[in-house]
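Open the model in your viewer and keep the selection panel at hand.

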Amino acid sequence: MKKLLSLIFVIALLGVLAACGGDNETSQDNTGENTEETSGSGSDDGSSGDDSNGEATTVTFAAQSDDTPATKAAIEAFNNSQDKYKVEWTQMTNDSAQMHDQLLTSLSSEAGEYDVLSLDVVWAGEFAGAGYLEPIDMMMDEAGLNAEEFNAGSMTSGNYKGKQYTLPYFPDVGLLFFRSDIVSDEDAEKLISGDYTYEQLGKMAETYSSENDISNGFVYQSKQYEGLTVNANEFTNQFEDTEAGLKTMYNFTTADWTPEDILNYTEGEASTAFENGNAVFERNWPYIYGRLKNPEESGATVDVENVQAAPLPNGGSVGGWLLGINANSEAKEGAWAFIEFLSGPEGQKILSTEGSYLPGYNPLLENQEVLDSNDLLTMEGFQNALQSTIARPVSADYSEISNEIQVAVHKYLSSGEGLDNAVQTIEDVTSEE
């Protein structure tokens, strides 16, 4: 009897345990269902940071600060144009060298803290070569974007080994400024068209400076620094005709109508000479026009109404900034959406009208609102200059390349000796990529 009762007790206990196990399985299933329902509720109230739950994906834009309202306005316009992405602006330093190092530190650690990067035009090759940038060729194709729609020099600056890595943020371009009250209408027309040579410019510089008793015919940048690389790039037509270009530079260096200390000239010295009426022609960047328009701040004595802008003979070296995607970004789709907007007609129009930045999207060069926002844009010569921009060498080792070019060119210009060595050095370093 005791055995029978024991057997009944064991069977009953096993039944209870089995029932408990079944309850646990049911509880787990229900817990899983409840978890999904909770997640769905989170999507409804926007509590989740996941884009799949209905909340906008954050896209971080690493760019220098802006003392105009343009960048802020462009970001707000993008954020208001859709609800899938939200761009947050991380304001970097305006010191280009410091910003370069800060970005490099982040990118070299494979960090994805910045999704969209503002890049100086000479950084693109370096960052692309190191694998820090995402190629955008396929994205451009899918969006139906053509490279010809954008500033040529900017696009070339962001093209590394046949792949496109950037679109323009805002370009800058080397220009020829000249005294329209001194230069004849015939010569002015030739300059504005861009259909002239450095040799012809030299003859004009000699003639007009002599006839008007002006100290200098033409001033430009020739000190051993980045500005010399820029000018050498222009004189040699992107180092395609290096020997002839360097010979012309030397002829200019030793000409009577060139400042004796031209080999120490940067943008500042050239600007001062031209603004004070001591030069007929000047090679510089667009900001010079703003200085001429504000003589109370710049001290300029030349009337801005007597100044015109024109393309340089072989085109002006492009400067300015580009937009790229961090290869380690976790929000690449959002990063591309923002770049497409900011480099496209709407974003570029905001930057131009709100900040007087030069448009990198070419069709805007004919937009009346954009033209009205910047007097320089209404000049035919300036419009032509924007259509003939050229890039400096695009390389992963640009800093080293530029330094070697500066040293070789300055040494030759200082002595008139070693032309072959200078040419060979430049050909070697520019053919490495």
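The lining of the largest cavity has seven nonpolar, three polar and one charged residues by class (nonpolar: Ala, Val, Leu, Ile, Met, Phe, Trp, Tyr, Cys and Pro; charged: Asp, Glu, Lys and Arg; polar: the others, Gly among them). This is a predicted model, in which local features need pLDDT of at least 70 and side-chain atom pairs pLDDT 80 or more, while totals for chains, interfaces and linings use all residues. Residues are numbered from 1 along each chain as its sequence is written, and side-chain values use heavy atoms, without hydrogens and water.

Select Val121, Val122, Ala124, Gly125, Ser157, Val318, Arg392, Pro393, Val394, Ser395 and Tyr398 to show this lining. On a 1 Å grid over the protein atoms alone, a cavity is a set of points where a 1.4 Å probe fits but cannot get out; a pocket is an open set with protein on both sides within 12 Å along at least five of seven lines, and lining residues have an atom within 4 Å of a point. The largest cavity holds about 50 Å³ of space, where volume is the space filled by probe spheres set on points joined across faces, edges and corners.

Next, select Phe170, Pro171, Asp172, Tyr287 and Tyr357, the closest to the centre of the largest pocket among its 32 lining residues. About 920 Å³ of space lies in this pocket. Its lining comprises 13 nonpolar, 12 polar and seven charged residues. Domain 1 (57-171 + 320-388) and domain 2 (175-314 + 393-431) both contribute to the lining, so the pocket lies between them; the bounds come from an automatic or database domain assignment.

Finally, select 332-343 and 345-355, helices α14 and α15 (DSSP runs of H or I, at least four residues, numbered from the N terminus). Their axes are 4 Å apart, at an angle of about 55 degrees (lines fitted to C-alpha atoms over the stretch in contact, with angles from 0 to 180 degrees between N-to-C directions).

Key. Helices (H or I, at least four residues) and strands (E, at least two) are DSSP runs, numbered from the N terminus.
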